[in-house]
Amino acid sequence: MPLPLPPAAGSPSLPSLPLASSLVSRPLLILMLPVFYFPPTPSSLEWMMHLLLDVVRDNRSPSPLVHLAFKFLYIITKVRGYKIFLRLFPHEVADLQPVLDMFADQNPKDYETWETRYMLLLWLSMTCLIPFDLARLDGNILSEEGRTRMPIMDRILKVAKSYLVVSDKSRDAAAVLVSRFITRPDVKQKRMADFLDWALSTLSKSSFQTMEGTIVMDGMLQALVNTVDTIKDNPWKLMPSTVLECLDNCKLSESNQTLLRKLGVKLVQRLGLTFLKPKVAKWRYQRGCRSLAANLQFSAQVPVAQNLVAAAVTAAADEEEYDIPGEVENVIEQLLIGLKDKDTIVRWSAAKGIGRITGRLPKELADDVVGSLLDCFSFQETDNSWHGGCLALAELGRRGLLLPSRIADVVPVILKALTYDEKRGACSVGSNVRDAACYVCWAFARAYDPLELKPFVNQISSALVIAAVFDRDINCRRAASAAFQENVGRQGTFPHGIDILTASDYFAVGNRVNCFLNISVYIASFPEYTQSMIDHLVNMKINHWDGVIRELSTKALHNLTPQVPEYMTNVVLPRLLPLSVGTDLHTRHGAILACAEITHALYKLAAENNRCQYTQDYVTKIILNIFSTIPDGWQWLINDSLRSLPLVSSTARQQIKEAAVSALAALCNEYYINEQREANPVLQGELLQQYISELQNTEEMIRCGFSLALGALPRFLLKGKLQQVLEGLKKVICISHKDVSFAESRRDGLKATAKVCQTVGVKRDGPQDEFVCKDNVIQIYMMLLNGMSDYTTDSRGDVGAWVREAAMTSLMEVTLLLVQNEPELLDANICKQIMCCVAQQSAEKIDRFRAHAGSVFLALLNFDNPPIPYIPHREELERIFPRSEAVTLNWNAPSQAFPRITQLLGLPTYQYYVLLGLTVSVGGLTETTVRYSAQSLFDYMKKIQNNLDAMNNFCETLLRVFEDNLLNDRVSVPLLKMLDQMLANGCFDIFTTEENHPFSLKLLTLCKEEIKKSKDIQKLRSSIAVFCGMIQFQGDMREKVLFQLLLLLCHPFPVIRKTTASQVYEMLITYSDIVDPDILDVVMTVLSDTNWDAELPVVREKRNYLCDLMKVPKPQLVNPRPMGLCYKPKT
């Protein structure tokens, strides 16, 4: 589809704009249309360039528009690449002088217009290639004034030199200009030597220790890199040596600037190439046939391969000998140092340099380079050296410069690199080394004949499979998969290559868990890979620094055990046993887990095959190796783990706690029950006494651990001790002054209570020491309901929410347990409290806990097996929350939750609790929660606005919430904010027509009591807004409200005085009938012009003046206190 051109200038379809606006807008329209809506074809690029350059060439274009056009050109260049864009610039003879003249108007220090200079330099680098001697363009170099003009050649060089030392991107374009301009025959003869002298002199005088020196060195190095290729052809034969000597003196390898080191390596390799003849090495290895079909039938190619080797020997014998300059050794040494650089881009540039230079060396010297390269793989070297060495080996192999005779030396190194992982601090390094090793394997697959790699096929294939399946990093697994695929296709010798490749392709290895637990099992089904995979897990992965890898490795060993049970039993387990008591923490952890997983797998395998004696000996050795006696050793381990929880990091604490509790349950069921299915009374008493006593430990985490441990005990250990356990858990759950901050222990105590109830079961008339029965059910519910009122806060925030969440879950579990077994134990009052408390939580502000409360509420409401009795207003609730929408209703979203939950305000039983929950949501801080909760509340108020009884009931409930939570800042401050919004939205308009309505009088009294002697700025500000809103009530209320507001005008805090004055000013604008119109202007002038930050005597005088004007009694200080507000009206 041809690109539609935008309308030309002046076209009637373009909007008519003023000159400045249209000039700026037309290039924007020109740019936006093709770049973002049409494919960037060469024709469209050329079309865009001409349109923008027309603006540049137009002498009438203002300077800002020219800069804008160049900025758009730069954007296109950035997207498409300057090399593609460069050749589209106009480059006729007539273009050279105008481009040069444009530089006269440029300021190199103007950092806002650097795009203009960048594009001009690129344009100049294209126009300077005109095929004429530049001296012809000078003409008469004498100007009209008789002064000598600078030749064009010198002008271009001057521009290039000036921009090689600037700090913006123009420096890069200047280097491009130099590389193109200096290659002209006329410039090479006349100016090249001077330019190189200047560049080397500037480079030697600069230092990378300063920012200015770094910028200058970067420009010089870029220029030298781009021009050094032409040095060999000029008459100054010593120039490459001079450049190399200057570079050695600069010591760029010591610089902290990555770009300088990269440019240094790049320049060194190009200098090295100038010392050697540009030829293709006759001795290099050439693979004859690259057909995929032929590779899969490599056996037929034996004669071909032999002929190739013979041909290579003949070529090597005929190789021309010539002297190698001594500088080449220096170049190779610097490149080998570059392979060990700390930055990847420097190492990659050095690796490419090694490949290029080796390709021009004689066979013997090239072999010496390979030998030096193998020294990079010493374990005394860092991961940087290993990575650089792998890149260089891949480059040599790809170019055929690594002869088959060296493969035997290289393959062991690469196999080590494929598993390279060096621990450093809390993590490890080596992923880049493993990735580069995969690249080497990929390159070898393309470079060598299958016969050359045949002796190493099993080693390489196993190593790549292990990397593709068991590597920690996804990029390494995918790189290994790609290398394996290349070998399967190019070599055709990997065992079961197609089958393995199908299971472990690029996308399949993206999931680490899938690799360890599923793909590994499939690959291990092929005998060639089984043992190597198991050995790798045992040697490299069970002692890995990452705990996740250790756990996945042991699970993988579990899954691999059925493949070779004898090998696991006779070889792997004996190797793991000493490691399970070793000194290294990671190794010990992995070995113990591996022993457990393998033993479990062997047990399951023996059970399936009816061979119970299969693992007895080794299991006994494992157990005795870890613990001396059973079950005392394991019981000690569990208890010690629970007591050590305070010493464990918070990330691992939960895992240890869960593992210890799970192990306790298994241990008790296996060892603490006799043949009569009962517990030893002595053991039972000691264990429970010990655990219950730990519930009062001064460490919170110890309480948590032993609470959950009690919840995990089996029924035979709780028999006869239920009441004792409940009393112990009750002390954990109840909030006391000394442990008010132990929210996590209360949470786990609630969880344990529910677990204990589920374990012992329900029996209406059973003994209270053995069952949940009529004698203890109320006690249990009171314990759980107490958790619903936990609003503890600390530096972590509302930690009481954890307790409330656990209480809701526990209430649901116990209630469902009772209703399924003994529904007559449920009491109407208990059901009412449960539903009301959960409804309150479903109206509160934290999304996650509101969602949990909503799900519990609907679970109780919709339970049918059998239905829960005594749920208040069940029919209305089912109408508000239809069963069909129970799954789709998103309680996390305030926009969905609050419109439903506010409908419960119309149900008398729920009204108080829902309003209490809504209070903290409407008066909260989260924007979306406040918006949707307030809007839902206002919608409900509008529905009952004309229903006097409903309004009276709602207002009574609102006042009761306020009165019950007086001086409770968690509720009272949001309540004041909610009242402000309700008054502003006219929710109480029905009462404003009645003088001295009881609701307004009671509300005023509560507000006064709430802020009495308060120092809370937020609370005082909210109360000011409420007082201003209450001015709408008629009767004596207005005078009382004005008195409170004028009282606050002399508050000790200046910010409260200023806020009060501002709010009163706005109130008088809204309710202009409050004050006599004759004095309204005076009152508002006093409020706005008074400096309320002034001293209290000055402010009090202004306040009293307002009292006189508004005929409000003057407040009189009764008991002077620095921060008090004890006033009474003056009589």
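The conversation below takes the labels one by one and sets values against definitions.

Modeller: Please keep in mind that this is a predicted model, in which local features need pLDDT of at least 70 and side-chain atom pairs count only at pLDDT 80 or more, while totals for chains, interfaces and linings use all residues. Residues are numbered from 1 along each chain as its sequence is written, and side-chain values use heavy atoms, with hydrogens and water left out.

Colleague: Why are helix 41 and helix 43 called roughly parallel?

Modeller: Helix 41 (residues 800-821) and helix 43 (residues 847-862) pack at an angle of about 10 degrees, and their axes are 10 Å apart. Axes are lines fitted to C-alpha atoms, for helices over the stretch in contact, and angles run from 0 to 180 degrees between N-to-C directions. Angles under 35 degrees count as roughly parallel, over 145 as roughly antiparallel, 65 to 115 as roughly perpendicular and the rest as oblique, so helix 41 and helix 43 are roughly parallel to each other.

Colleague: Which residues of helix 41 and helix 43 meet?

Modeller: Contact means heavy atoms within 4.5 Å, and the residues that meet include Trp-802, Met-808 and Met-812 in helix 41 and Phe-849, Val-856 and Leu-860 in helix 43. Sorted by class, this contact of helix 41 with helix 43 has 10 nonpolar, 3 polar and 2 charged residues, where Ala, Val, Leu, Ile, Met, Phe, Trp, Tyr, Cys and Pro count as nonpolar, Asp, Glu, Lys and Arg as charged, and the others, Gly among them, as polar.

Colleague: What makes helix 6 roughly parallel to helix 9?

Modeller: Helix 6 (residues 114-127) packs with helix 9 (residues 170-181) at an angle of about 10 degrees, with their axes 8 Å apart, and that makes helix 6 roughly parallel to helix 9. Among the residues that make the contact are Trp-114, Tyr-118 and Leu-121 of helix 6 and Ala-173, Val-176 and Leu-177 of helix 9. By class, the contact of helix 6 with helix 9 has 10 nonpolar, 2 polar and 2 charged residues.

Colleague: How do you know that Val-538 is buried or exposed?

Modeller: Buried means under 20% relative accessible area, exposed over 50%, and partly exposed in between, with a 1.4 Å probe and protein chains only. Val-538 has 5% relative accessibility and therefore counts as buried. Val-538 lies in helix 28 (residues 527-541), and, leaving aside its neighbours within four places in sequence, Val-538 is in contact with Leu-557, Val-572, Arg-575 and Leu-576. Over the protein, 52% of the 1131 residues count as buried.

Colleague: Why is helix 40 described as mostly covered?

Modeller: In helix 40 (residues 777-786), 7 of its 10 residues are buried, including Ile-780, Tyr-781 and Leu-784. What covers the buried residues of helix 40 includes helix 38 (722-733), helix 39 (743-760), helix 41 and helix 42 (828-841).

Colleague: How many aromatic pairs does the count come to, and what makes Trp-634 and Tyr-671 an edge-to-face pair?

Modeller: Rings of Phe, Tyr and Trp (its six-membered ring) pair if their centres lie within 6.5 Å, and planes under 30 degrees apart count as stacked, over 60 as edge-to-face and the rest as tilted. By this rule the count comes to 26 aromatic pairs. Trp-634 and Tyr-671 are 6.3 Å centre to centre with 70 degrees between the planes, and the pair is edge-to-face. Trp-634 lies in helix 33 (residues 632-643) and Tyr-671 in helix 34 (residues 650-671), so the pair ties together parts that are 37 residues apart in sequence. Trp-634, at 27% relative accessibility, counts as partly exposed, and Tyr-671, at 38%, also counts as partly exposed.

Colleague: What makes Arg-970 a charge over the ring of Tyr-791?

Modeller: A charge sits over a ring if NZ of Lys or CZ of Arg is within 6 Å of the ring centre and within 35 degrees of the ring normal. Arg-970 lies over the face of Tyr-791, at 3.5 Å from the ring centre, and the charged end of Arg-478 sits over the ring of Tyr-506, 4.3 Å from its centre.

Technical notes:
Helix = DSSP H or I, 4+ residues; strand = E, 2+ residues; numbered from the N terminus.
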